[in-house]
Every structure is written in structure tokens, then in C-alpha cells.
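Colleague: I'm new to this one and would like a close look at a single part of it. Please go slowly, and tell me what your terms mean as you use them.

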Amino acid sequence: MNGWTKTVSRFHNDLKVAMEPYQGRQLRTHEIAKITFNTPNLTHDSQFIYPSDHCINHTNKGSCFCVLHGEGEPIFEKIKRGLYLVRKTG
Ligand SMILES: [Zn+2]
């Protein structure tokens with residue numbers, strides 16, 4: 001397992017909870033960054049949290065478990081560069 005995957009996957013659940021109030025909405029990367037920064041569990045790590053790592057239609061080598069291994073549901077769908085839909089997850 002890739003080290004970055006391990007790192008970003010640690011934040012998956014807290015990120016999912018933080019984004020729940022925004023389900024169905026489209027947010028820009030900087031808006032998501034602000035939300036994670038204002039989430040107590042994520043504040044100190046917010047610089048490591050990128051929506052592109054938890055994105056159903058975007059995969060990179062260091063993506064989260066939710067993308068690479070189907071563990072948990074991807075939180076975002078990429079609309080275009082810098083704009084993400086918060087998916088309705090269970
Ligand atoms: Zn994830």
C-alpha cells in the first residue's frame with residue numbers, strides 16, 4: 001500500500017462527517033479547505049486533505065481507500081477543475 005493512501009485514508013471518516021451538511025451541493029476546492037480547517041478533528045491536517053483523493057471519477061496513485069479499494073464511498077464527484085459535488089453517501 002502506498003504511503004500517501006494510508007495518510008489520506010486516515011481522514012476519510014472525519015471528512016465524510018464534515019461534508020454531510022453539504023451533500024448535493026457543489027463546492028470549490030477553497031470552500032472545502034475552509035470547511036476542513038474549521039472541523040476540529042481535521043484542523044491540524046487540513047493541508048493534507050484534498051477532495052481529489054476521495055473522488056468517484058478521479059483516481060491517482062495516492063487516492064484514498066474509498067477510491068482504490070472500495071472501502072467506504074467516495075465523498076466527492078469532480079465537476080470540473082476546482083469544483084466538486086458532495087455526493088449523497090449512506
Ligand atoms: Zn476517501
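This is a predicted model: local features need pLDDT of at least 70, side-chain atom pairs count only at pLDDT 80 or more; totals for chains, interfaces and linings use all residues.

Modeller: Gln26 is found in strand β1. Residue numbers start from 1 along each chain as its sequence is written, and side-chain values use heavy atoms, with hydrogens and water left out.

Buried is under 20% relative accessible area, exposed is over 50%, and partly exposed is what lies between, using a 1.4 Å probe and protein chains only. Beyond residues up to four places away in sequence, Gln26 touches Glu31, Ile79, Leu83, Tyr84 and Leu85, where contact means heavy atoms within 4.5 Å. Gln26 and Lys78 are 52 residues apart along the chain, yet 9.2 Å separates their C-alpha atoms.

Now for the sheet around Gln26. Three strands make an open sheet, ordered β1-β3-β2, with antiparallel pairing. Strands β1 (26-28) and β2 (76-80) are at the edges with a single partner strand each, so one side of each has no neighbour in the sheet. From one strand to the next the twist averages 35°; axes here are lines fitted to C-alpha atoms (for helices, over the stretch in contact), and angles run from 0 to 180 degrees between N-to-C directions.

Strands count as paired if DSSP finds at least two bridges between them. β1 and β3 run antiparallel and are joined by three bridges, with Arg28 opposite Leu83 in β3. Leu83 in β3 also has Lys80 standing opposite. The hairpin of β2 and β3 has two residues between the strands, and Gly82 there takes a positive phi near 80°. β2 pairs with β3 (residues 83-86) over four bridges, again antiparallel, and Lys78 stands opposite Tyr84 in β3.

Helix α3 (residues 29-37) packs on this sheet, touching β1, β2 and β3, and its direction makes about 85° with that of β1. Ile32, Ile35 and Thr36 are the buried residues named in α3. Looking down the axis of α3, you'd find its buried residues within an arc of 95°, so they line one face of the helix; the arc is taken from the directions from the helix axis to the C-beta atoms. Those buried residues pack against α2 (12-19), β1, β2 and β3. On the other side of α3, His30 and Lys34 are exposed. Phe37 also lies in α3, and is partly exposed at a relative accessible area of 48%. Leaving aside neighbours within four places in sequence, Phe37 is in contact with Thr43 and Ser46.

There's a zinc ion to look at too. Its protein donors are His12 (ND1), His54 (ND1), Cys64 (SG) and Cys66 (SG), lying 2.0 to 2.4 Å from it. Donors are N, O and S atoms within 2.8 Å of the metal (3.2 Å for Na, K and Ca), and water is not among the atoms, so sites may look incomplete. The angles between the four donor atoms run from 101 to 121°, which makes the arrangement tetrahedral; for four donors, that label needs all angles between 85 and 135 degrees. Along the chain, the donors follow the spacing H-x41-H-x9-C-x1-C. His54 is in the loop between α3 and α4 (65-68) while Cys66 is in helix α4, so this pair ties together parts twelve residues apart in sequence.

Both His54 and Cys66 are buried, and for His54 the relative accessible area is 1%.

Note on methods
Four donors count as tetrahedral if all angles lie between 85 and 135 degrees; four count as square planar and six as octahedral if opposite donors are over 155 degrees apart and all others between 65 and 115; anything else is irregular.
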